[in-house]
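Here is a short briefing for a reader new to this structure. It goes topic by topic.

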Amino acid sequence: KVKVDDVVDAFAVHGACGLWGLLAVGLFGNPDEAIGGNGVFYGGDQLGTQVVAGIVIALWSGGLSAAIMVPLRLVGALRLSDEFQDKGADVMEHSPSKAYGNKAGENAA
């Protein structure tokens, strides 16, 4: 199991939606609109190019991310301490009483 902590759904928003946008051009790109595109639904052959671009982007960003994240993980620099996790990063690093209108450490129910 890959242990990925994606609490803000960054992969769903940027990864999956970005890939769909990339592929959509290869499907729906209309050459008559003068903005580029040669999509499959308009008799074009751009989809293959878009798929290759998606693979290249995934390999590039995955490789660079691994080059940065693996060493950080090995030295233990990717996780907050137990105290940070128990109290919350807002309370430990920021000023939630100013931001949320409550005292630090209290839950606004």
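In what order do the elements of the protein chain run from the N terminus on? They run α-α-α-α-α. The secondary structure comes to 5 helices and 0 strands. Helices (H or I, at least four residues) and strands (E, at least two) are DSSP runs, numbered from the N terminus.

This is a predicted model: local features need pLDDT of at least 70, side-chain atom pairs count only at pLDDT 80 or more, and totals for chains, interfaces and linings use all residues. Residues are numbered from 1 along each chain as its sequence is written, and side-chain values use heavy atoms, with hydrogens and water left out.

**Burial**

- Of the 109 residues of the protein chain, 13% count as buried.
- Buried means under 20% relative accessible area, exposed means over 50%, and partly exposed lies in between (1.4 Å probe, protein chains only).

**Start of the chain**

- Asp9 lies in the segment before α1.
- Asp9 is not a glycine, yet has a positive phi of about 55°.
- Asp9 counts as partly exposed, because its relative accessibility is 45%.

**Aromatic cluster**

- Trp20, Phe28 and Phe41 form one aromatic cluster.
- Rings of Phe, Tyr and Trp (its six-membered ring) pair if their centres lie within 6.5 Å; planes under 30 degrees apart count as stacked, over 60 as edge-to-face and the rest as tilted.
- The count by this rule is 2 aromatic pairs.
- Trp20 and Phe28 make an edge-to-face pair, 6.2 Å centre to centre with 70° between the planes.
- Phe28 and Phe41 have ring centres 5.2 Å apart and planes at 40°, so this pair is tilted.
- Phe28 lies in helix α1 (residues 10-28) and Phe41 in the loop between α1 and α2, so their pair ties together parts 13 residues apart in sequence.
- Trp20 is partly exposed, with a relative accessible area of 47%.
- Phe28 is also partly exposed, at 44% relative accessibility.
- Phe41 is exposed, with a relative accessible area of 55%.

**Helix α2**

- α2 has 28 residues and reaches 39 Å from its first C-alpha to its last.
- That span is close to the 40 Å expected at 1.5 Å a residue; the expected span is 1.5 Å times one less than the number of residues.
- α2 bends by about 25° at Ala66. The bend is the angle between axes fitted to the seven residues ending at a residue and the seven starting there.
- Just after α2, Gly76 takes a positive phi of about 75°.

**Nonpolar surface patch**

- Ile68, Met69, Val70, Leu72, Leu74, Val75 and Leu78 form a nonpolar patch on the surface, with about 680 Å² of accessible area together.
- A patch takes residues with over 30% relative accessible area and no salt bridge; like charges are joined within 9 Å, nonpolar side chains (Val, Leu, Ile, Met, Phe, Trp, Tyr) within 5 Å.
- Accessible areas come from the Shrake-Rupley method with a 1.4 Å probe; for residues, only the protein chains shown count as cover.
- Leu78 sits in the loop between α2 (47-74) and α3 (82-87).
- Leu78 counts as partly exposed because its relative accessibility is 42%.

- A salt bridge is a side-chain nitrogen of Lys or Arg within 4 Å of a carboxyl oxygen of Asp or Glu.
- By this rule the structure has 1 salt bridge.
- Lys87 forms a salt bridge with Glu83, their closest N and O atoms being 3.4 Å apart.
- Both Lys87 and Glu83 lie in helix α3, 4 residues apart, about one turn of the helix.
- An α-helix has 3.6 residues a turn, so residues three or four places apart point the same way.
- Glu83 is partly exposed, with a relative accessible area of 42%.
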